[in-house]
Amino acid sequence: MEQSADSGDWLHAIRWDDSGLVPVIAQEKDTGDVLMFAWMNREALQKTAELGRAVYFSRSRKKLWFKGEESGHVQTVHDIRLDCDNDVVLLAVTQTGHTPGIACHTGRHSCFYQRLQNGQWEAADPVLKDPKSIYK
């Protein structure tokens, strides 16, 4: 990442929710595919900017989650953007660790694999790798 993330002053512009979190969308840089939605706290966003690697905040585990720490499916961050209301972050990423990239814990390219068809949710995208072989 080219911007200086040292001072942290840029973090003050963000409208954090009552829990100190901001929603984050990860979008694949080369294809424009929306890969996933997650949350970041200040520390996660600071680390993401410093490392050039996606670091999220796990609400269920209440701790930082370095994307790919278990699966090896790391997100290299190329660009960080903030929406017009300063309350949603968009990451332009390259998903690594498998070709094509797997962002979803279900072993799919994107977490947005379900499509509404005839009043039901149906899987529209294939499983690229069995999740049992990804997570131990």
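A residue is called buried under 20% relative accessible area, exposed over 50%, and partly exposed in between, with a 1.4 Å probe and protein chains only. The model described here is predicted: local features need pLDDT of at least 70, side-chain atom pairs count only at pLDDT 80 or more, and totals for chains, interfaces and linings use all residues. Residues are numbered from 1 along each chain as its sequence is written, and side-chain values use heavy atoms, without hydrogens and water.

**Cysteines**

A disulfide is a covalent bond between the sulfur atoms of two cysteines. The cut-off applied is a pair of cysteine sulfur atoms within 2.5 Å. A search of the whole structure finds zero disulfides. C104 takes part in none, as the nearest cysteine sulfur, that of C111, is 3.7 Å away. From the side of C111, this distance of 3.7 Å to the sulfur of C104 is too far for a bond.

| Residue | Relative accessibility | Class |
|---|---|---|
| C104 | 3% | buried |
| C111 | 30% | partly exposed |

**Strands 1 and 2**

Strands are DSSP runs (E, at least two residues), numbered from the N terminus. Two strands pair if DSSP finds at least two bridges between them. Strand 1 (residues 22–28) and strand 2 run antiparallel and are joined by six bridges.

Strand 2 is largely enclosed by the rest of the structure, because five of its seven residues are buried. V34 lies in this strand (residues 34–40) and is partly exposed, at 38% relative accessible area.

How values were computed: Helices (H or I, at least four residues) and strands (E, at least two) are DSSP runs, numbered from the N terminus.
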